[in-house]
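Please walk through the two chains of this model in turn, starting from overall dimensions and ending at their contact.

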Amino acid sequence: MLKYVLQRIIYMIITLWVIVTATFFLMKLLPGNPFGDAQMKMSPENFAILKAQYGLDKPEWQQYFIYMGNVLQGNFGVSYQFPGRSVVSVIQNNFKASLELGLESLIFSIAIGLGLGAYAALKHNKVGDYTAMFIAIVGISIPSFVISPLLSLYIGVKLGWLPAGLWDGPLHRIMPAFALALGTIAILARMMRASMLEVSSLDYIKTAKSKGLSSRAIVLRHMIRNAILPVVTILGPIAVNVITGTLVVETVFAVPGLGSQFVTAITSNDYTMITGLTIFYAAILVIVVFLTDIAYGLIDPRIRLAGRR
Amino acid sequence: MKFKKILSTAMAVTLAGSLLAACSSNNNSNKGSEPTGSAQASAPASSGAKQELVMNYRAEPPALDVSIAETSAAFTVLGAVSEGLYRLNKDMQPEPGLASALPEISADGLTYTIKLRDGLQWSDGSPLTAKDFVYSFRRTLDPATKATYAFIVAWVKGGEDVMAAKSADDVKAAQEKLGVEAKDDTTLVITLERPVPFFTSLLSFLTFYPQKEDFVGPLGEKGGTDADKVIGAGPFLLKSWDHDQKLVLEKNDKYWDAANVKLTKVTLNIVKDNSTGLNLYDSGASDFQVLSGEQYMNLKGNPELVLKPELVTGYLNFQETKVPAFKNQKIRQAFSMAIDRQGLVDTILQGSVPSTGFVPLGNLDGDSQEFRAVAGDAQVAFDPAKAKELLAEGLKDEGLTQMPKVSIMGDDHSTGPKVLEFLVGQWEQNLGVKVVASPMPHASRVDNELKKNYDIVSSLWGADYNDPMTWLDMYLTGSSLNTQDWSNAKYDELIKEAQTTTDAKKRAANLVEAEKVLLEEAAISPLYFRSIPVMVKSKVQDLIQPPYGPEFELKWTSIK
């Protein structure tokens with residue numbers, strides 16, 4: 001097990017290194033420079049002085065080694081768009097909102113998705129089932145860039161029930177979290193339904209029924225508890241998806257998150273931000289995939305990790 | 001049946017959770033969390049009208065550092081938090097700010113002697129003296145500060161030497177020689193390299209604000225990155241700054257003119273998306289929102305809609321080396337003459353004005369007149385028949401049977417691609433010439449433009465300072481912004497003379513004449529003067545929206 005973990009960690013580092021290197025050189029192919037229109041205002045001589053101050057006059061391979069050297073020392077550099085603010089501090093500041101939004105939407109997804117799935121399974125092939133699954137299909141078919149502006153306009157402006165945007169108090173969280181949750185609700189509902197149906201035909205449910213247990217007790221104690229297991233295993237990757245996929249919702253509801261930072265970093269050639277954010281997002285994904293693999297091994301004895309023959 | 005109960009219990013728990021959350025929110029949240037039009041409803045009810053303003057702002061300001069700031073977001077916020085020697089009023093005329101009166105200018109126009117007000121204070125209560133200006137100018141010019149707007153301060157005598165200094169010692173030596181001196185605590189003397197007739201008004205620009213050495217110095221590169229790292233001497237204080245979320249300004253009681261500042265609090269919410277911004281505005285959560293072109297179309301006629309003219313001109317450049325045909329004046333004129341500018345504005349750029357020259361409406365001429373009022377309509381007029389004739393003549397002169405294949409490059413966002421399509425249509429229809437549209441990301445467009453890698457480019461220029469020179473000196477022969485390689489001896493002479501003369505009348509006349517040359521030869525083809533549509537709640541009074549520099553001026557604003 002230990003050997004396996006070490007091996008995976010080495011792979012993770014190699015993966016990250018490849019990603020950073022590729023991003024670094026691809027990013028340098030972007031036309032333009034981090035100074036944007038300021039370049040037009042300056043004389044070519046003054047512009048050369050400015051570039052030299054940032055070390056951008058050196059050949060790219062040299063810039064690469066300098067950057068990697070800094071990264072190894074934990075220094076991700078200073079943003080070009082926001083002079084004086086380190087990439088790490090921008091990530092710290094903006095990731096808070098993305099993480100919070102992601103987790104809140106996850107709570108919505110789990111509560112509604114599992115509820116809907118369980119309900120559909122219990123009403124198998126009846127109106128309730130079709131209704132629940134129809135809701136799920138609608139949820140997954142409407143992308144967040146359609147539902148978010150509609151929510152903001154109708155619930156925020158026309159009805160005035162919730163704030164149309166911004167990130168001030170708890171009320172401001174509801175609509176963005178719900179908009180983000182919609183797709184996940186559908187996935188979880190369908191999984192939960194399938195899982196419940198599978199469990200409901202198993203012998204121990206029949207045994208429980210023949211023992212004369214109330215159907216309420218059967219569902220709560222036996223069916224849901226067993227059916228939920230496979231759903232739990234995909235929560236890790238889903239959580240990452242939700243947390244890293246907040247861009248559209250953040251834009252529509254003016255949430256100060258990290259998603260839009262990535263986009264503006266790229267459009268304004270903010271080199272340090274682009275590589276810093278790439279490392280950050282890549283690290284999250286790689287680590288979660290790793291943890292999920294480990295968790296599988298622990299939860300499900302049928303999955304054997306290498307080296308445990 | 002019982003499962004319904006479970007489900008409803010689950011729902012109830014979720015709802016209760018959000019309700020609890022909602023209750024606790026009422027303790028610490030402001031009116032932003034009560035979206036039900038509370039801003040509209042409450043303001044008229046309490047007749048004393050709270051002097052508080054909530055605005056949507058489209059971008060997070062980069063560092064609020066006087067030396068480094070280069071975006072209008074930073075100009076806007078720092079303009080509220082601090083002040084220069086002068087402040088522009090609603091007519092864009094300089095009024096004494098930290099200075100007690102307009103400067104005494106020497107006869108040769110080079111030396112400015114300025115008296116500061118007595119008893120000036122920074123917002124922390126420490127005294128503000130002439131030395132703070134000296135420090136500020138020196139710091140901005142130091143190459144290590146990496147200030148992109150340093151070129152403006154470099155007009156002060158010896159400025160270029162500081163910028164070009166190689167070692168720290170050289171920088172220090174050059175800074176000592178810089179033409180800015182604190183004679184005593186309240187007397188500042190600035191010496192210029194050559195006369196700059198609009199320098200008094202330029203002194204109101206952010207880059208000439210004072211900086212407090214023992215505050216800014218220790219912060220180093222961290223200066224201006226958080227609310228506690230910003231200091232000023234202006235009408236407001238930066239109370240808090242949640243990055244990417246909001247900035248809160250409060251009235252600064254130590255400001256010399258605090259008695260005339262009416263607003264007690266201004267909240268700037270960072271809202272990057274226009275539709276979101278308009279939703280917030282409509283729901284009453286904001287008093288100010290900038291509109292997109294489409295939103296403007298839908299809201300035309302709304303009494304809260306304001307059109308803000310800017311000192312920004314959209315225009316075309318013709319690259320004469322890459323496309324030798326464009327060396328021919330008649331061909332350039334034909335291309336310019338074949339464009340129906342009114343049509344362009346009516347169909348795509350609603351709110352903007354068809355250009356009547358290169359220097360936009362509202363731009364002063366350096367002799368306290370409006371440039372366009374003096375220069376009049378200098379544009380080659382729309383005339384398809386004449387354009388066709390000119391093209392035929394031009395091609396004959398060049399020994400060509402038909403116009404070579406050319407493309408037009410422009411931005412690929414907002415109205416950029418539509419403008420290209422319109423122009424391509426006009427040339428096909430009115431000249432019978434097929435031009436290929438090639439929209440691309442803004443950064444690529446600028447990059448290609450500066451590398452002279454284009455046939456025709458659709459570009460935009462905004463004034464850095466309110467003088468025709470910011471427009472006209474870029475077409476001097478060999479200027480890095482003269483990307484089309486156009487050259488005209490008479491033009492060069494007129495501009496160079498204007499740069500050195502101390503006679504404001506002669507200078508202004510030269511500049512008018514120079515623009516005439518530029519446009520008669522159709523060296524460039526201006527298209528429109530840009531305006532930005534803005535929604536402002538009618539209760540907001542005296543919110544000045546200057547055409548360049550900061551986006552709004554809050555000092556004199558009040559709530560009715």
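For chain A, the radius of gyration is 25 Å, whereas a compact globule of 309 residues would have one near 19 Å. This value, like the others below, comes from a predicted model. Along the principal axes, the C-alpha atoms of chain A occupy a box of roughly 90 × 65 × 30 Å. Buried residues make up 39% of the 309 residues of chain A. Of the contacts in chain A between residues at least 6 apart in sequence, 73% connect residues at least 24 apart.

The secondary structure of chain A consists of 14 helices, with zero strands. Read from the N terminus, the order of elements is therefore simply α-α-α-α-α-α-α-α-α-α-α-α-α-α. An unreviewed UniProt entry places the feature "domain: ABC transmembrane type-1" at residues 95–292 of chain A. That stretch of chain A is 82% helix and 0% strand, and its end C-alpha atoms are 22 Å apart.

The UniProt annotation "transmembrane region", also from an unreviewed entry, covers residues 9–30, 105–122, 134–154, 174–192, 227–249 and 279–299 of chain A. Two of these spans can be set against the model. Residues 134–154 of chain A are 90% helix and 0% strand, with end C-alpha atoms 22 Å apart. Residues 174–192 of chain A are 100% helix and 0% strand, and here the end C-alpha atoms lie 24 Å apart.

Chain B contains both kinds of element, with 20 helices and 19 strands. The C-alpha atoms of chain B fill a box of roughly 85 × 80 × 45 Å along the principal axes. In chain B, 48% of the 560 residues count as buried. Among chain B contacts between residues at least 6 apart in sequence, 67% join residues at least 24 apart.

The domain assignment divides chain B into domain 1 (2–62 + 234–307 + 533–559), domain 2 (82–229) and domain 3 (309–531). Where domain 1 of chain B meets domain 3 of chain B, the contact takes seven residues from domain 1 and eleven residues from domain 3. On the domain 1 side of that contact, helix 11 (residues 293–299) of chain B gives the most, with three residues.

Two sheets of chain B can be followed strand by strand. One is an open sheet of four strands in chain B, with the order 1-10-9-8 and mixed pairing. Strand 1 (52–57) and strand 8 (236–242) of chain B are at its edges; each has a single partner strand, so one side of each is left without a neighbour in the sheet. On average, neighbouring strands of this sheet are turned by 15° against each other, direction ignored. Strand 1 of chain B pairs with strand 10 (residues 265–270) of chain B in the parallel sense over six bridges, and Y57(B) stands opposite I270(B) in strand 10. Helix 3 (residues 72–81) of chain B packs on this sheet and touches strand 8 and strand 9 (246–251) of chain B; the direction of helix 3 makes about 135° with that of strand 8.

The pairing of strand 8 with strand 9 of chain B is antiparallel, over six bridges. Within this pair, L237(B) stands opposite E250(B) in strand 9 of chain B. The hairpin of these two strands has three residues between the strands, and D244(B) takes a positive phi near 70° there.

The other open sheet of four strands in chain B has the order 4-5-7-6, with antiparallel pairing. Strand 4 (104–105) and strand 6 (180–184) of chain B are the edge strands, each pairing on one side only. Strand 6 of chain B and strand 7 (residues 187–191) of chain B pair in the antiparallel sense over four bridges, with A182(B) opposite L188(B) in strand 7. Helix 4 (residues 131–141) of chain B lies across strand 6 and strand 7, running at about 165° to strand 6 of chain B.

The two chains also touch each other: 56 residues of chain A are in contact with 57 residues of chain B. Elements of chain A that give two or more residues to this contact include helix 3 (44–53), helix 5 (87–122), helix 8 (171–200) and helix 10 (215–233). Helix 5 of chain A supplies the largest share of the side that touches chain B, six residues.

Notes: Residues are numbered from 1 along each chain as its sequence is written. Chains are lettered from A and ligands numbered from 1 in the order in which they are written. This is a predicted model: local features need pLDDT of at least 70, side-chain atom pairs count only at pLDDT 80 or more; totals for chains, interfaces and linings use all residues. UniProt positions are given in the numbering used here, feature names are shortened, and annotations may be inferred rather than shown by experiment. The radius of gyration is taken over C-alpha atoms; the globule rule is 2.2 Å times the number of residues to the power 0.38. A residue is buried if 20 or more other C-beta atoms lie within 10 Å of its own, exposed if 12 or fewer, and partly exposed in between; C-beta atoms are placed from the backbone. Two strands pair if DSSP finds at least two bridges between them. Axes are lines fitted to C-alpha atoms, for helices over the stretch in contact, and angles run from 0 to 180 degrees between N-to-C directions. Domain bounds come from an automatic or database domain assignment.
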